[in-house]
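Student: Could we go through this model together? I would like to begin with its surface and then turn to pairings and contacts.

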Amino acid sequence: MTIQILKSKIHRARITQAELNYVGSITIDPELMEVANLIEGEKVHVLNVNNGERLETYVITGKRGSGEICINGPAARKMYVGDLVIIVSFAVMDFEEAKTFKPWICFPDPENHPIKS
């Protein structure tokens with residue numbers, strides 16, 4: 001049996017930009033992507049802490065060190081600059097493997113830079 005399990009999470013990043021006239025996606029600073037183990041093109045769920053909106057999209061790599069979290073395309077009507085979001089992705093794996101799997105979790109600071117532990 002296989003199940004879906006949390007693979008990656010960026011917890012409470014702040015949206016820095018919203019671009020309505022764009023094909024779609026979410027642009028993320030690669031520093032955050034690396035800590036959360038996300039790759040360009042990966043499907044993510046974006047959960048808006050401010051208004052409860054939830055959406056699925058894919059990751060585009062932004063500029064390193066920028067702290068960028070940009071909502072692109074139609075989602076820009078649902079999420080706004082300054083909103084806090086949680087970005088998550090899931091993996092499909094064997095049930096037994098999932099019992100010991102540990103997800104990558106990134107906690108950004110107020111400027112969307114990974115907090116060093």
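Student: Which residues form a nonpolar patch on the surface?

Tutor: Y22, V23 and Y58 form that patch, and together they have about 330 Å² of accessible area. Patches are made of residues with over 30% relative accessible area and no salt bridge, with like charges joined within 9 Å and nonpolar side chains (Val, Leu, Ile, Met, Phe, Trp, Tyr) within 5 Å. Accessible areas come from the Shrake-Rupley method with a 1.4 Å probe, and for residues only the protein chains shown count as cover. Please note that this is a predicted model, in which local features need pLDDT of at least 70 and side-chain atom pairs count only at pLDDT 80 or more, while totals for chains, interfaces and linings use all residues. Residues are numbered from 1 along each chain as its sequence is written, and side-chain values use heavy atoms, with hydrogens and water left out.

Student: Where is V23 found, and is V23 buried or exposed?

Tutor: V23 is found in the loop between strand 2 (17-19) and strand 3 (25-28). Its relative accessibility is 77%, so V23 counts as exposed. Buried means under 20% relative accessible area, exposed over 50%, and partly exposed in between (1.4 Å probe, protein chains only). Helices (H or I, at least four residues) and strands (E, at least two) are DSSP runs, numbered from the N terminus.

Student: And what does Y22 touch?

Tutor: Not counting residues up to four places away in sequence, Y22 touches I60, N72 and G73, where contact means heavy atoms within 4.5 Å. Y22 is in the loop between strand 2 and strand 3 and counts as partly exposed at 40% relative accessibility.

Student: I60 came up there. Which residue stands opposite I60 of strand 5?

Tutor: T27 stands opposite I60 in strand 5. Strand 3 and strand 5 pair in the parallel sense over three bridges; two strands pair if DSSP finds at least two bridges between them.

Student: How does strand 4 run relative to strand 5?

Tutor: Strand 4 (residues 43-48) and strand 5 (residues 54-61) run antiparallel and are joined by five bridges. L47 stands opposite R54, and V46 has L55 as its bridge partner in strand 5. The hairpin of these strands has five residues between them, and G52 there takes a positive phi near 80°.

Student: Which residue of strand 7 stands opposite L47?

Tutor: In strand 7, I86 stands opposite L47. Strand 4 and strand 7 (residues 84-94) pair in the antiparallel sense over four bridges.

Student: What about K7 and E42: buried or exposed?

Tutor: Both K7 and E42 are buried. They form a salt bridge in which the closest N and O atoms are 3.2 Å apart. K7 lies in strand 1 (residues 2-14) and E42 in the loop between helix 1 (30-36) and strand 4, so this pair ties together parts 35 residues apart in sequence.

Student: Last topic. How many disulfides does the structure hold, and why?

Tutor: The structure holds zero disulfides, a disulfide being a pair of cysteine sulfur atoms within 2.5 Å. The sulfur of C70 has its closest cysteine sulfur in C106, and these are 18 Å apart, which is too far for a bond. C70 counts as buried at 2% relative accessibility, and C106 is buried with a relative accessible area of 1%.

Key:
Salt bridge = Lys/Arg side-chain N within 4 Å of Asp/Glu carboxyl O.
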